[in-house]
Amino acid sequence: MKLQVVVREGANRGRVFKLVDGQSLTIGRGKDTDTALDDVSTSRRHCKITAEDGKVVLTDTGSASGTFVNGKKVSEATLAVGDLITVGDTVLLLRDHQLMDGQSIGLASLTADEVAAEAKQSNDAKIASGSEAAAEPKEFAQAKDPADEWIGKTVHRYKISKLIANGSTGTVYLADFAEKNEEVALKVFDLDASRDSDDMQRFVRGMKTMFPIRHPNIVRIYNAGETDGRCWVAMEYVDGENLSDIIERTGTLGMMDWPDAFKVTVGIARALEAAGEHQIIHRNITPQNILVRKSDKVAKLGDLMLAKALDGAQAKQITAAGDLVGDISYMSPERVASLDNVDCRSDIYSLGATVYALLTGRPPFESKSLPSLMMKIRDEDPPSPKQFQLSINDMFEGVVLRMLAKRPDDRFQTPTELLRDLERIGKFNSIQF
């Protein structure tokens, strides 16, 4: 079977997503998902559908409003062709693309948009086989995933082999650097800076100022440039996973043991200390921007170069609250209040919120309403992490809660000050870091 998930109702009606055996399709409004739905009623990561050995399983990933299959709310369900999945205000259909004769499910049951998508895919197949030549109508332009267009391209000296992740500021690919026989991560940015030549050159120059920065807890930058009107940066490939994926997993199966969360805190605090030596404030520390390498569990901070590469209006845009960048749940109270004069203490708060999620499986504050969430971040104290995991060390819990203090003056004032307390905790508990 060639399974597909089709949007039947909602703002993205007519979009088609392939379901590949052995892989998962992540559904949500987040730009790091496979769907990036234009639906504020869905969670950032709402649910996922996994196909393996002919079995299709849907799993709710802690969505705020729930996931429904054929009108019934589920946390996990085995799907069959023809099932309808509701997430927020979006309804999706699981279908077999090979059933084209109107039996069970096929063209006879499709909407006009879906029929158009079917015609587009059939047309593409004919062109690929050489049996028919045809032009792509404009109405089908949105059916193509623009991220796929870069796969196989050579950008500068890097040949792109596959997509790694879609992020809020661009798309990350795995690329081969033949001259050094090594793999790199190539990030192609989706920024307004890419539409103005002056901004683009300023962006690239800013990226290149990051080349000399080398630290074991910072993702290293190798090169930067512009290709086909898009800015890109070649950087260290970290074979591992980001904390967002780890939190998603631990939120279902349990929380991260506090010594492991402690080591992440130490690593990223060291990265912030190194950034401070170059007068860089990250402004967008979230679980998505922290990677943990498989081989040795070293935590590395990514996207540090954005704060340095962008300035003026572009810097405010890329680090502003909202849909462009970041997860508001991890923003400091002063960032939520849209204050421009943030400093390293804002990064310390965001790191604290990220570590809190590692320990508890959830951010410090949650709400179905954006205004309510922002109010909680500004005015409320987070629940004690020990309410969710009793084994957390008291001293470490105290450090995390101090990082989350509402007033910047009540937090650690510098990453160095934070590291002093962490080092005391590590020595007292015989943790190697």
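A residue is called buried at under 20% relative accessible area, exposed at over 50%, and partly exposed in between, using a 1.4 Å probe on protein chains only. The model is predicted, so local features need pLDDT of at least 70, side-chain atom pairs count only at pLDDT 80 or more, and totals for chains, interfaces and linings use all residues. Residues are numbered from 1 along each chain as its sequence is written, and side-chain values use heavy atoms, with hydrogens and water left out.

**The chain as a whole**

Helices (H or I, at least four residues) and strands (E, at least two) are DSSP runs numbered from the N terminus. By that count the chain holds eleven helices and 19 strands. It has 433 residues, and 48% of them count as buried. Contact here means heavy atoms within 4.5 Å. Taking the contacts between residues at least 6 apart in sequence, 55% join residues at least 24 apart.

**Around helix 7**

Ser 332 sits in the loop between helix 6 (312-318) and helix 7, and Glu 334 belongs to helix 7 itself, residues 333-336. Are these two residues buried or exposed? Ser 332 has a relative accessibility of 0%, so it counts as buried. Glu 334 is at 9%, and therefore counts as buried too.

Both side chains take part in polar contacts, that is, pairs of N or O atoms within 3.5 Å; within protein, one atom must be able to donate a hydrogen and the other to accept it, and residues adjacent in sequence count only if both atoms are side-chain atoms. The side chain of Glu 334 pairs with the side chain of Arg 411 at 2.8 Å. The side chain of Ser 332 pairs with that of Ser 346, at 2.8 Å.

Tyr 356 lies in helix 8, residues 344-360. At 1% relative accessibility, Tyr 356 counts as buried. Not counting residues up to four places away in sequence, Tyr 356 touches a list of residues that includes Pro 363, Pro 364, Pro 382, Pro 383, Pro 385, Phe 388, Val 400 and Leu 404.

Glu 366 is found in the loop between helix 8 and helix 9 (370-379). Its relative accessible area is 46%, so Glu 366 is partly exposed. Leaving out residues up to four places away in sequence, Glu 366 touches Leu 373 and Lys 376. The C-alpha atoms of Glu 366 and Ser 329, 37 residues apart along the chain, are separated by 7.0 Å.

Most residues other than glycine have a negative phi. Here are two residues that go the other way.

| Residue | Phi | Relative accessible area |
|---|---|---|
| His 156 | about 60° | 46%, partly exposed |
| Gln 279 | near 55° | 67%, exposed |

His 156 lies in the loop between strand 11 (154-155) and strand 12 (158-166). Gln 279 is in the loop between helix 4 and strand 18.

**The second largest pocket**

On a 1 Å grid over the protein atoms alone, a pocket is an open set of points with protein on both sides within 12 Å along at least five of seven lines, and lining residues have an atom within 4 Å of a point. A volume is the space filled by probe spheres set on the points, which are joined across faces, edges and corners. The second largest pocket holds about 460 Å³ of space. It is lined by 24 residues, and those closest to its centre are Lys 263, Val 264, Val 292, Lys 297 and Val 298. Strand 17 (240-242), helix 3 (243-253), helix 4 (258-277) and strand 18 (290-293) each give two or more residues to the lining. Helix 4 provides the largest share, six residues.

**Cysteines**

How many disulfides does a search of the whole structure find? The search finds zero disulfides, a disulfide being a pair of cysteine sulfur atoms within 2.5 Å. Cys 47 has a relative accessible area of 0% and is therefore buried, while Cys 344, at 22%, counts as partly exposed.

How values were computed. On a 1 Å grid over the protein atoms alone, a cavity is a set of points where a 1.4 Å probe fits but cannot get out, and a pocket is an open set with protein on both sides within 12 Å along at least five of seven lines; lining residues have an atom within 4 Å of a point.
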